Amino acid sequence: MILCGEMRLFQAIGGAIAAAFLVAGPALPAIDDGGRTTWPEGSAVVSYTGEHALERALARHPAAIVRRLPALRTVEVQPRGDVSRYAAELAAEPGILGVERAAPRRSLVEPALLTAPAGEPFQWQYAAVHADQVPAQVEQAAAKLTIAVIDTGADLTAPDLAAKSPLTHSVLARSADVTDRNGHGTFVAALAAGSGSNGEGVAGVGGNAQLLVVQAGGATGSFSDVEEATAIVYAVDHGARIINLSLGGPSTSTTERRAIDYAVGKGVLLVAAVGNSFASGNPVEYPAALLQPPGSRGVGGHGLAVGASTRFGTRAPFSSTGSHVSLAAPGESVFSAVSGSSPASRYPRVTVPGSAGGLYGYGSGTSFAAPQVAGAAALVWAANPQLNAEEVSSILEQTASGEGNWNAELGYGVLDVAAAVARAQDPAYVPTRSTGTAQQQASARIGLAAHVRHHAGSARIDVTARLRVAALPGAEGSRTVLLESFDGTHWTRSGTARTDASGRAAWSYSVKPGSYQLRVRSPGTDEVAAATSAAVKLTVR
């Protein structure tokens, strides 16, 4: 299993951001502290039971009225002389509920959303998907939903993640320690559900959605389908309503399929990255292809397979394409939080003026598109809790930039969070999954022959595979096929080849004495289904 994201180094942005911030502080108590604390601007905020009570109190203790808030039965006054003493005396009057200092506040805009000197926000993708246009009450309502990020863990000291106090679990360590030494999981988690109200760093698309971090991959970023499946089951059993899977590989398994079915059966919405392999034969990758099956062309499915777009709304050059793509989200040079335990060479740091803490950087990959869709799903559900997972998927697809039209590059188009939320809130809208005629894949099969050849005291294994495609003449040529060997626990890739015009591919390896078990796989494409040969066992003496 590999992760569907890659970091790209960008020039650090210098200079100051033209914005002013007030220093935030805690709300201050109504009691007198003996004058040790200054009352801001010499004013006091008074709460009262009724207008007559206020009038009587102010007649005995005169002060200039700065601001009235009748609906809240509150008034701000500015007395002469010592404000602390005045507050203590006024608070003792009948009908006065309390006298408080005005609590300083600062704008809780996320520094990464501010405009950099070059004229573009650091976190440009947030506005690109119109997440900045979602009503505040919907963002707040998302607190009832949990997004699980199954990945390499997370840096829980990153301000935007720390503010969410996420639940954590490592299926590797079987503990709550999810230290992210790779960096991928931190970047993904902040995009999906990083706090948008802590005044630091970035804003995740998911508003106030809760975050569950399930670590399935370690420092190398690779892990198995079993670890992925274990993480999925854990997330489902611990309340996740949405699961993000920014990971993939060229094949699937019974274990992975059962885990996906388990989640779907529990009403969980799964979101997966389609992969970054467009320039490497554009193979179908899993688990994305389990959520939106190859050949479906956006019809049906049990989740969302997400591709990556650029800041211009076009497909990112690396993003895989095909009939299993559901929709897209920004995935080229997007901005997010960086793990302090990740190598700086892999996740370069960018200074964000206005942020007092945390590490940030740019990254590219479908890995970083998927969590934005996961966050959007939380907002759609928050806008209409009566929806089911299939209906949430439909709304996200039908409100994307394609306006209901599907294509193999971007699926139904680029995510539009505000439009999806508005659709979910529309009482006249009845969501359904897309209907139509799905494209059928041609079936394929692979024949495999292997034999041991001894010469001059050495041994070689020669392997020949032949791919056959039914009902699609000429489709056997120039197909990627994978030679795999079994190590007693996992099938691992030993070689890759392209078939010739007849569908033939061959490998030859020098080997040591021992027993070998081999097979050949074709990952499949939109037109041709995946296929795996029967396994062959060989003994070398």
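This report covers the sheet, the aromatic pairs and the charge-ring contacts of a predicted model.

Seven strands make up an open sheet with parallel pairing, in the order 8-9-7-10-12-13-14. Strand 8 (167-170) and strand 14 (327-330) are the edge strands, each pairing on one side only. From one strand to the next, the twist averages 25 degrees.

Helix 6 (residues 184-193) packs on this sheet, where it touches strand 7 (146-151), strand 9 (210-215) and strand 10 (242-245). The direction of helix 6 makes about 160 degrees with that of strand 7. Elsewhere in the sheet, four bridges join strand 12 (residues 269-273) to strand 13 (residues 303-309) in the parallel sense. Alanine 273 has valine 306 of strand 13 as its bridge partner.

## Aromatic pairs

The structure holds five aromatic pairs. One of them joins phenylalanine 187 and tyrosine 347: the ring centres are 6.1 Å apart and the planes lie at 45 degrees, so the pair is tilted. Phenylalanine 187 belongs to helix 6, while tyrosine 347 lies 160 residues away in the loop between strand 15 (334-337) and strand 16 (360-364). Both residues are buried.

Phenylalanine 187 also forms a tilted pair with phenylalanine 368, at 4.4 Å centre to centre and 45 degrees between the planes. Phenylalanine 368 sits in the loop between strand 16 and helix 10 (370-383), 181 residues from phenylalanine 187. Phenylalanine 187 counts as buried because its relative accessibility is 0%; phenylalanine 368 is buried as well, with a relative accessible area of 0%.

Ring pairs also link Phe122, Phe335, Tyr360 and Tyr362 into a cluster.

## Charges over rings

The charged end of arginine 241 lies over the ring of tryptophan 381, 4.0 Å from the ring centre. For arginine 311, the charged end sits over the ring of tryptophan 124, 4.6 Å from its centre.

Definitions and conventions
Residues are numbered from 1 along each chain as its sequence is written. This is a predicted model: local features need pLDDT of at least 70, side-chain atom pairs count only at pLDDT 80 or more; totals for chains, interfaces and linings use all residues. Side-chain values use heavy atoms; hydrogens and water are left out. Two strands pair if DSSP finds at least two bridges between them. Helices (H or I, at least four residues) and strands (E, at least two) are DSSP runs, numbered from the N terminus. Axes are lines fitted to C-alpha atoms, for helices over the stretch in contact, and angles run from 0 to 180 degrees between N-to-C directions. Contact means heavy atoms within 4.5 Å. Rings of Phe, Tyr and Trp (its six-membered ring) pair if their centres lie within 6.5 Å; planes under 30 degrees apart count as stacked, over 60 as edge-to-face and the rest as tilted. Buried means under 20% relative accessible area, exposed over 50%, partly exposed in between (1.4 Å probe, protein chains only). A charge sits over a ring if NZ of Lys or CZ of Arg is within 6 Å of the ring centre and within 35 degrees of the ring normal.
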